[in-house]
Amino acid sequence: MKNYVLSLLVENNSGVLSRVSGLFSRRGYNITSLSVGETENKNISRMTIVVFADEPTLEQIKKQLNKLINTIKITEFDYSNSIQRELILVKVKSSAKNRYQIIDVAGIFGAKIIDVISDEITLELTENENKIRSFIELLKPFGIIEFVRSGITGIEKKSI
């Protein structure tokens, strides 16, 4: 079992998200992350769904998604055929003593400092899943107060 990233083009109508998530729910498939947004065509939305499954289960999921009338296209992403990114906002405890160490970690990853108050710093980073995970690990010793992740979104690389 591993994580698979599916990119779905769907009609941009009310109830489509409910039908897709309902399909996963009814069959007991877990969605690891989900991001949805309108495309360059306002009548079409793109859903990026990460699902933890084995290959036979993934094939069932794709077949079931293809049966939904609102589904236009399904593409399975991997790192060789796509660009994947995720946004994280993270609040970290900070003091005068460790503030520059946190700023150094942010600089290593190219994270933005978006808020500073007396005892915490809020950072923003957009990167792939592995770098987000490494960023979190380096911030843990300082004391993570909370974080929020957007879920993976991606775009297919153009074939030559």
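Colleague: How are α3 and α4 oriented to each other, roughly parallel or roughly antiparallel?

Modeller: In this predicted model, α3 and α4 are roughly antiparallel to each other, because angles over 145 degrees count as that, with under 35 degrees being roughly parallel, 65 to 115 roughly perpendicular and the rest oblique. The axes of α3 (residues 99-109) and α4 (residues 129-139) cross at roughly 170° and come within 11 Å; axes here are lines fitted to C-alpha atoms, for helices over the stretch in contact, with angles running from 0 to 180 degrees between N-to-C directions.

Colleague: Which residues in α3 and α4 meet?

Modeller: From α3 there are Ile102, Val105, Ala106 and Phe109, and they meet Lys131, Ser134, Phe135, Leu138 and Leu139 of α4, where contact means heavy atoms within 4.5 Å. By class, this contact has seven nonpolar, one polar and one charged residues, with Ala, Val, Leu, Ile, Met, Phe, Trp, Tyr, Cys and Pro counted as nonpolar, Asp, Glu, Lys and Arg as charged, and the others, Gly among them, as polar.

Colleague: Why does Lys131 count as partly exposed?

Modeller: Lys131 has 42% relative accessibility and therefore counts as partly exposed, since buried means under 20% relative accessible area, exposed over 50%, and partly exposed in between, with a 1.4 Å probe and protein chains only. Lys131 and Gln64 are 67 residues apart in sequence, and their C-alpha atoms are 32 Å apart in space.

Colleague: Before we go on, what are the ground rules for numbering and confidence?

Modeller: Residues are numbered from 1 along each chain as its sequence is written, and side-chain values use heavy atoms, with hydrogens and water left out. Since this is a predicted model, local features need pLDDT of at least 70 and side-chain atom pairs count only at pLDDT 80 or more, while totals for chains, interfaces and linings use all residues.

Colleague: Fine, now the whole chain: how many helices and strands?

Modeller: The protein chain has four helices and nine strands, taken as DSSP runs numbered from the N terminus, with helices being H or I of at least four residues and strands E of at least two. Read from the N terminus, the order is β-α-β-β-α-β-β-α-β-β-α-β-β. The C-alpha atoms fill a box of roughly 60 × 35 × 35 Å along the principal axes, and 40% of the 160 residues count as buried.

Colleague: And what share of contacts joins residues at least 24 apart?

Modeller: Among contacts between residues at least 6 apart in sequence, 73% join residues at least 24 apart.

Colleague: Where does UniProt place the ACT domain?

Modeller: An unreviewed UniProt entry places "domain: ACT" at residues 5-80; the positions follow the numbering used here, the feature names are shortened, and annotations may be inferred rather than shown by experiment. Over residues 5-80 the chain is 33% helix and 42% strand, with the end C-alpha atoms 12 Å apart.

Colleague: Switching to α1, which of its residues are buried, and what do they pack against?

Modeller: The buried residues in α1 are Val16, Val20, Gly22, Leu23 and Phe24, and the buried residues of α1 pack against β1 (2-11), β2 (31-38), β3 (44-53) and α2 (55-67). Phe24 counts as buried because its relative accessibility is 1%. Leaving aside neighbours within four places in sequence, Phe24 is in contact with Tyr29, Ile31, Ile49, Val51, Ile61 and Leu65. Phe24 and Val51 are 27 residues apart in sequence and 9.6 Å apart C-alpha to C-alpha.

Colleague: What span should α1 have?

Modeller: At 1.5 Å a residue, the 12 residues of α1 (residues 16-27) should span 16 Å, and the end C-alpha atoms are 17 Å apart, which agrees; the expected span is 1.5 Å times one less than the number of residues. Gly28 follows α1 and has a positive phi, near 75°.

Colleague: Last one, is Pro56 buried or exposed?

Modeller: Pro56, which sits in helix α2, is exposed, with a relative accessible area of 58%. Pro56 and Met1 are 55 residues apart in sequence and 10.0 Å apart in space, C-alpha to C-alpha.
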